[in-house]
Amino acid sequence: MSRAQADSIFQKAKFSCLVTRLEDLPSDGLPQVLLAGKSNVGKSSLLNQLCRQKRLARTAQEAGKTRHLLFFDLAGKFYLVDLPGYGFSRSSKAEQARFSQLTDDYLHSTSPIQLILHILDARHLPTRQDLEMIHWLEGVQAPYAILLNKSDKLSRPQQGVMRQKIHQFLLEETGIDFFLLSVSAETGQGIADLEELILDSLTLH
């Protein structure tokens, strides 16, 4: 696939649907790529950068308030699925339990999940909540990659040091040798590599 063809797929991204119940999940069989991450880690900004649109994720979230599954159609080829952010303290326990159950039901459904992209903050070691989310998502049995967002806040040498520290930390805590990709929703760093990772997982590249 040429660069222009890849660009056309991401540029044609559009909000598809907001899912509040398992029966609302798309049934068209299109592969699904998941975006997971803590609240305020920059998921929305990264999605917008990836799709070359400034308000794509914001518009959808204004409808769902990031508490539901948000599906974005990528030129009819696949879905990007924005999972509810975790770690927000202002929500009640009942609300957290509600969206957690929806996410769990989705992850254990028959949906064609092809790739999980877990977004972490490049500046810090993963938190206990991050590790819990990894354990949760590992049960999906889909290819998994970790994106280190906000890399623009660090110098290139600092990025390398933190990437190595995070890699070692995750290896010790989970026993898994994760692929880590440094990205920035602000500057676009790593976005081309991220596109290639997604398309390769879908055998579209």
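**Pairs and clusters in a predicted model**

Phe71, Tyr79 and Tyr106 form one aromatic cluster in this structure, which is a predicted model.

Me: How many aromatic pairs does the structure hold?
Reply: The structure holds five aromatic pairs. One of them joins Phe71 and Tyr79.

Me: What makes Phe71 and Tyr79 an aromatic pair, and why is the pair called edge-to-face?
Reply: The ring centres of Phe71 and Tyr79 are 5.5 Å apart, and the cut-off for a pair is within 6.5 Å. The planes stand at 85 degrees, and an angle over 60 counts as edge-to-face. Therefore the two rings are a pair, and the pair is edge-to-face.

Me: Are Phe71 and Tyr79 buried or exposed?
Reply: Phe71 is buried, and Tyr79 is buried too.

Me: Why is the contact between Asp7 and Arg52 called a salt bridge?
Reply: The closest N and O atoms of Asp7 and Arg52 are 2.5 Å apart. The limit is within 4 Å, so the contact qualifies. A search of the whole structure finds eight salt bridges.

Me: Which parts of the chain does the pair of Asp7 and Arg52 link?
Reply: The pair links distant parts of the chain. Asp7 lies in helix α1 (residues 3–11), and Arg52 lies in the loop between α2 (43–50) and α3 (56–64), 45 residues apart.

Me: Why does Arg52 count as partly exposed?
Reply: Arg52 has a relative accessibility of 34%. Buried needs under 20% and exposed needs over 50%, so Arg52 falls in between.

Me: How do you know that Asp152 and Lys153 form a salt bridge?
Reply: Their closest N and O atoms are 3.9 Å apart. That value is within 4 Å, so the pair counts as a salt bridge. At 28% relative accessibility, Asp152 is partly exposed.

Me: Which residues do salt bridges that share partners join into one network?
Reply: Asp7, Arg52 and Glu195 are joined into one network.

Me: What makes the contact of Asp24 with Arg21 a salt bridge?
Reply: The closest N and O atoms of Asp24 and Arg21 are 3.0 Å apart, and the cut-off is within 4 Å. Asp24 has a relative accessible area of 29% and Arg21 one of 44%. Both values lie between 20% and 50%, so Asp24 and Arg21 are each partly exposed.

Key: Residues are numbered from 1 along each chain as its sequence is written. This is a predicted model: local features need pLDDT of at least 70, side-chain atom pairs count only at pLDDT 80 or more; totals for chains, interfaces and linings use all residues. Side-chain values use heavy atoms; hydrogens and water are left out. A salt bridge is a side-chain nitrogen of Lys or Arg within 4 Å of a carboxyl oxygen of Asp or Glu. Helices (H or I, at least four residues) and strands (E, at least two) are DSSP runs, numbered from the N terminus. Buried means under 20% relative accessible area, exposed over 50%, partly exposed in between (1.4 Å probe, protein chains only). Rings of Phe, Tyr and Trp (its six-membered ring) pair if their centres lie within 6.5 Å; planes under 30 degrees apart count as stacked, over 60 as edge-to-face and the rest as tilted.
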